[in-house]
Amino acid sequence: MLYNRKTLREITEIAYESEKQFYTAEATIKSIDTSDEWYYIGCGKCNKKLQKEGNHFYCPKCEKEPEKTCPRYKLKLEICDHTATTTCTMFETEAKKLIKQSARFLIDRDDCDIHEQAEKFQKICGQRLIFQFRLNDYNFKYGYQDYTVHRIFFMDSEEDSSVQHVNVEQN
Ligand SMILES: [Zn+2]
């Protein structure tokens, strides 16, 4: 959990020359932006975001119409520490650890109201966590914030902090 530990301000100031991709910060979730969609429809096989073509879906990675689809979280969070406030995006694997329910569980109901469902996970606001970010070209080159959350660690977790290149989700 101490891997490349920084404050949020330090992360926002990381320059392009940096060769390190992963950074860790302790921060509090301030809010979740649910004005936009907080999930996407992913390919049941590869999890890639599907493109909608008329009444069909198309997976750009599998290059065909998927047999199965699966809703997956794409949560936009505002987070802060004592130095700065920034935004980040959290995908299914980590969001599920936090919300304790899959996006599918919340979405796959006949009477599903996505705004009502979004209310349910507002309870994660105020939680303090260790975030491990994976910075990309947008962050480095253009100075955009909105960091991708690679992993989260709970404050009382004894879990090892080494970088693991598994479950990396890309959109
Ligand atoms: Zn696919």
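A residue is called buried here if 20 or more other C-beta atoms lie within 10 Å of its own. Keep that in mind as you look around this predicted model: of the 171 residues in the chain, 27% are buried.

**The whole chain.** Trace them along the sequence and the order reads α-β-β-β-β-β-β-α-α-α-β-α-β. Now think about contacts between residues with a separation of 6 or more: 59% of them join residues 24 or more positions apart.

**Helix α2.** Next, select residues 92–99, which form α2. Which residues of this helix are buried? Pick out Glu 92, Glu 94, Ala 95 and Leu 98. Turn the view to look down the axis of α2: its buried residues fall within an arc of 165 degrees, so they line one face of the helix. Then step past the end of α2 to Lys 100, where phi is positive, near 70 degrees.

**Lys 48.** Now hop over to the loop between β2 (39–43) and β3 (51–53), and select Lys 48 there. Why does Lys 48 count as partly exposed? Because it has 18 C-beta neighbours inside 10 Å, while a buried residue needs 20 or more. Leaving out residues up to four places away in sequence, Lys 48 touches Gly 42, Cys 43, Cys 59, Pro 60 and Lys 61. For a last stop, select Thr 69 as well: Lys 48 and Thr 69 are 21 residues apart in sequence, and their C-alpha atoms are 9.8 Å apart in space.

Conventions:
Residues are numbered from 1 along each chain as its sequence is written. This is a predicted model: local features need pLDDT of at least 70, side-chain atom pairs count only at pLDDT 80 or more; totals for chains, interfaces and linings use all residues. Helices (H or I, at least four residues) and strands (E, at least two) are DSSP runs, numbered from the N terminus. A residue is buried if 20 or more other C-beta atoms lie within 10 Å of its own, exposed if 12 or fewer, and partly exposed in between; C-beta atoms are placed from the backbone. Two residues are in contact if their C-beta atoms, placed from the backbone, lie within 7 Å. The arc is that of the directions from the helix axis to the C-beta atoms.
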